[in-house]
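My notes follow in the order I checked things.

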Amino acid sequence: MRRLWRTLHSALGHRTDGETGDHTADEFATFFTSKVDSVRAATATTPLYDVPFRCTPLLSEFSPVTCDEVEKLISSAPTKTCQLDPVPTWLVNDVCGLLSPFLTVLFNVSLSSGCFPTKFKHAVIRPLLKEADLDSSDMKNYRPVSNLPFLSKLLERVVQRRLQEFLDSNGMMPPMQSAYRRFHSTETAVIKVYNDLLLAADKGQMSALCLLDLTAAFDTVDHELLLHRLERQFGLCGVVLTWFASYLSDRCFQVHYGGSMSVEIFIVCSVPQGSVLGPRLFVLYIAELADEIHQHDVKFHAYADDSQLYMHCHRDDIATSAAHLSQCVVDIGHWMAANRLQMNPAKTELLWAGTKHNMSLLGCHAPTLQLGSDIVTPSKHVRVLGVTILADLSLDQHVSKVCAAGCPRSENLLMKVTFCTYEISDTSVSVSSQCCMTVSIC
């Protein structure tokens, strides 16, 4: 029923859920633009990063697209429709057999000429609350998500498949990055970090876990630096590099909010949120960050722009380790500024973790991180990619939250439990007795 009414309101041009009318579309457009401008201004005094060359295999041209490939991509694509689409996505799916030859010609011309169609560069941005419980009247709590034409994203999927095959076949994906990779996810990232913390605790060590936060990370990616990285570190050249330059240039957007549309704004930086290639390009953009961190002998794992730094030490060395980690984070901040990204010390989190015994001995004397004029104080718990980890490495608080979300206190769940006793012989297994009981879970 909720989906029915949201569809009806959208068709009639009414405000959808979360669009309270406290702000206008033009105000959001101005806010998103000024936020990016402020980050660019804050990092403008730092000299631009000089991307070094690496000896890598080269990708100079794309392989042609076939009709079968286009049909498979259309059938597997989500049936979401952007208001920029001339026809609904479900209709394109129904007649993909008729459209696929024409789309194949269009895509092959784009790939062979290195030109991304201008019509595909226009986006409609819908401000979405970062979390449902945040204040909807504060524009800082909104994330700009781009809605792009269906054919634009279809062409991006064609390129993404070829780019990913090239990167995977040559082993060029960042090893400590779990985002947008096959067999990698937020689960594998959390398990990697959590497992390392547990292994250190088993050895009697304590761990300092630092969670970094970036301000408008996707929106401040410098196009010149990104193209330099694609060419010098990932081997893209020729018409392939020309295609990516065309993809990034001359993009524009309008904000849709409260049933109205803002003025058109042209983009000078960023990779589009909501696009297919944007997040993967961001992963390649910050791939070199791992080398900067490893110079400090600090462990590192990331999921897109969520970075987790951690190092292990004995209880007598925590002051030295805290100073070492602080210097690492400061150097990361310099690297970010040189790449026109901005680290947010106010949202950087720190957790000292270990066994209950070691944490009780540490007490309230856990060292802080000194980041220039900012001080990051240790927390009793942090949230790593949606999983809450306590200082003693228990997951009690996370389990409680999950249970509370899935089972409200006002409801009782009934579970039937069967206890069985088995008799095992050389040739068979049989149930000798069983007992059934029903338990209530609040």
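Is D291 buried, partly exposed or exposed? I looked it up in this predicted model: the relative accessibility of D291 is 36%, so D291 counts as partly exposed.

I then checked the partner of D291. R54 makes a salt bridge with D291, with 2.6 Å between the closest N and O atoms. R54 sits in the loop between α2 and α3, while D291 is in helix α11, 237 residues apart. R54 is also partly exposed, at 40% relative accessibility.

Next I looked at E69. Its side chain meets that of R161 in a salt bridge at 3.7 Å, N to O. E69 belongs to helix α3 and R161 to helix α6, so the pair ties together parts 92 residues apart in sequence. I noted a network here: salt bridges with shared partners join E69, R161 and R162. E69 is buried at 12%, whereas R161 is partly exposed at 36%.

I went on to D222, which forms a salt bridge with R40 at 3.1 Å between the closest N and O atoms. D222 lies in the loop between β3 and α8, and R40 in helix α2. A side-chain oxygen of D222 also comes to within 3.1 Å of the backbone nitrogen of E224, at the start of α8.

Last, I followed α8 itself. Helices α8 and α10 pack at about 75°, their axes 10 Å apart, which makes α8 roughly perpendicular to α10. L225, L226, R229 and L230 in α8 meet L281, L284 and Y285 in α10. I sorted the residues of this contact into six nonpolar, no polar and one charged.

Key:
Residues are numbered from 1 along each chain as its sequence is written. This is a predicted model: local features need pLDDT of at least 70, side-chain atom pairs count only at pLDDT 80 or more; totals for chains, interfaces and linings use all residues. Side-chain values use heavy atoms; hydrogens and water are left out. Axes are lines fitted to C-alpha atoms, for helices over the stretch in contact, and angles run from 0 to 180 degrees between N-to-C directions. Helices (H or I, at least four residues) and strands (E, at least two) are DSSP runs, numbered from the N terminus. Angles under 35 degrees count as roughly parallel, over 145 as roughly antiparallel, 65 to 115 as roughly perpendicular and the rest as oblique. Contact means heavy atoms within 4.5 Å. Ala, Val, Leu, Ile, Met, Phe, Trp, Tyr, Cys and Pro count as nonpolar, Asp, Glu, Lys and Arg as charged, and the others, Gly among them, as polar. A polar contact is a pair of N or O atoms within 3.5 Å; within protein, one must be able to donate a hydrogen and the other to accept it, and residues adjacent in sequence count only if both atoms are side-chain atoms. A salt bridge is a side-chain nitrogen of Lys or Arg within 4 Å of a carboxyl oxygen of Asp or Glu. Buried means under 20% relative accessible area, exposed over 50%, partly exposed in between (1.4 Å probe, protein chains only).
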